[in-house]
Amino acid sequence: MAISRLPSAGFSITVRVSVTADASAIGRLTTSVGSSGAIVTALDVVDSDHTSVTVDLTCDTADAGHADQVVAALRELAGVDVRKVSDRTFLLHLGGKIEVTPKVALRNRDELSRAYTPGVARVCLAIAENPADARRLTIKRNTVAVVTDGSAVLGLGNIGPAASLPVMEGKAALFKRFGGVDAWPVVLDTQDTEEIISIVKAIAPAYGGINLEDIAAPRCFEIEARLREALDIPVFHDDQHGTAIVVLAALTNALRVVDKRLADVRVVVSGAGAAGTAIMKLLLREGVGDIVAYDRQGALHRGQSDLNPAWQWLAEHTNRDNYAGDLAGAVRGADVFIGVSAPNLLSGDDIATMAKDAIVFALANPDPEVDPREARKHAAVVATGRSDQPNQINNVLAFPGVFRGMLDAHAEEFTDEMALAAARAIADVVGEDRVNPTVIVPSVFDSRVAPAVSAAVRAAAQTPPPPPAADPGPADLPQIAARDSAATEPLPH
């Protein structure tokens, strides 16, 4: 059975089946699952008697339709009774994924009197007299708001605030697990720019940082820029800056593998929305040789009409040769392809036209811009956004440590220097002596990552930014944490 997607733990199912007790019974089950294109990950015997055996068969499938096909194939086997099918992802989400746990015991009246009235009044008055003490005496010290309007959730599009809540819960869980940061979902039932800005400003006193999440361009650019100007706590749009940080870290090590310098390479970026724009600005800050930006309008180049301000800026600061053709033509001879756009835009034959020792980051999820199996036939290094492939570009490598560092430094803003420092820290966790084509980023479970990123960000927060250069060029780039007034709607990713 041919399937277009690779099986993934995100579509894992457990099927409880009863099968006649003969020597070949279990083998017939696993063979059926394998022939259906799924991957068996566990098989547990839960009951048996003289004539039958009941097992829980767990397998990864490619999507919900594929899971149905696997179950249907099992039902067709002689002597097999499918009793129950459980979707393991939905089971994990029952009741939500996060909770509030008190840090103090409330065992008696004495403790209650200090944690709450009357003792708490003294702490309130101290903060009223010196508002800066809120960072020291309240949850503000370690708490981040994960704010969304549900307008650009993963690759699902504009699904609204309630449907976005499982993603925001997951984000909060990742903050805690990897950075020790207490984060809470703030899902807003509005997609009006002014309302979002007003609401976030109003709730900001309770938080030490704001993480904007899954807000569609162009509104995300304006919302971030204006909140950065209005608030005295860091505002970080993870879809932009988290992605850009990890991409730069991965590219740093990929270039080490192929022995090329960033200043010498030509990069093609498919997708000039929030993530793509931030990636390109960070690469420009770090001194990339040249970039060609590609989106629905084609390759962004000088002389195009009706470009929005963000695309106009990219047209003026990238694409040195003013290329105006299609994506396949853009990658011809390029050293690096970075996709944050849509699935199946390129073929293996397109990758074969790239420069020797090409680097391919196909990050659209769940289906990349090019099949990674085809890309590996021609490229020296391939990365995706998938957890079941080598070299996963995952924002969790960045945002927990970035916020941990900003909170510890009592930072009032997120800066370019922090982004660059975080990227270098992630790259260096792997180490130049350990990088290879399948290891250009550390595992998301590498316990060294968040502390290294945190330390780098904290140091950058405490170091004055360098003075602007006198000559034009890269010094004239806007801040990576862009204050663009408009941009394009990102391609699905």
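Helix α16 (residues 399-408) packs against helix α18 (residues 449-461) at an angle of about 45°, and their axes are 7 Å apart. This is a predicted model, in which local features need pLDDT of at least 70, side-chain atom pairs count only at pLDDT 80 or more, and totals for chains, interfaces and linings use all residues. Residues are numbered from 1 along each chain as its sequence is written, and side-chain values use heavy atoms, leaving out hydrogens and water.

**The helix pair**

- The angle makes α16 oblique to α18 (oblique is what remains after under 35 degrees, roughly parallel; over 145, roughly antiparallel; and 65 to 115, roughly perpendicular).
- The crossing of α16 and α18 is right-handed (the near helix is turned clockwise from the far one by less than a right angle).
- In α16 the contact (heavy atoms within 4.5 Å) is made by G401, V402, R404, G405, M406 and D408, and in α18 by A450, V453, S454, V457 and R458.

**The sheet**

- Four strands (DSSP runs of E, at least two residues) form an open sheet in the order β2-β3-β1-β4, with antiparallel pairing (at least two DSSP bridges between two strands).
- β2 (39-48) and β4 (80-87) are the edge strands, each with a single partner strand, so one side of each has no neighbour in the sheet.
- From one strand to the next, the twist averages 20°.
- Strand β1 (residues 8-20) runs antiparallel to β4 and is joined to β4 by seven bridges.
- R16 has K84 in β4 as its bridge partner.

**Helix on the sheet**

- Helix α1 (residues 25-35) lies across β1, β2, β3 (52-61) and β4, and runs at about 20° to β3.

Terms used
Axes fitted to C-alpha atoms, helices over the stretch in contact; angles between N-to-C directions.
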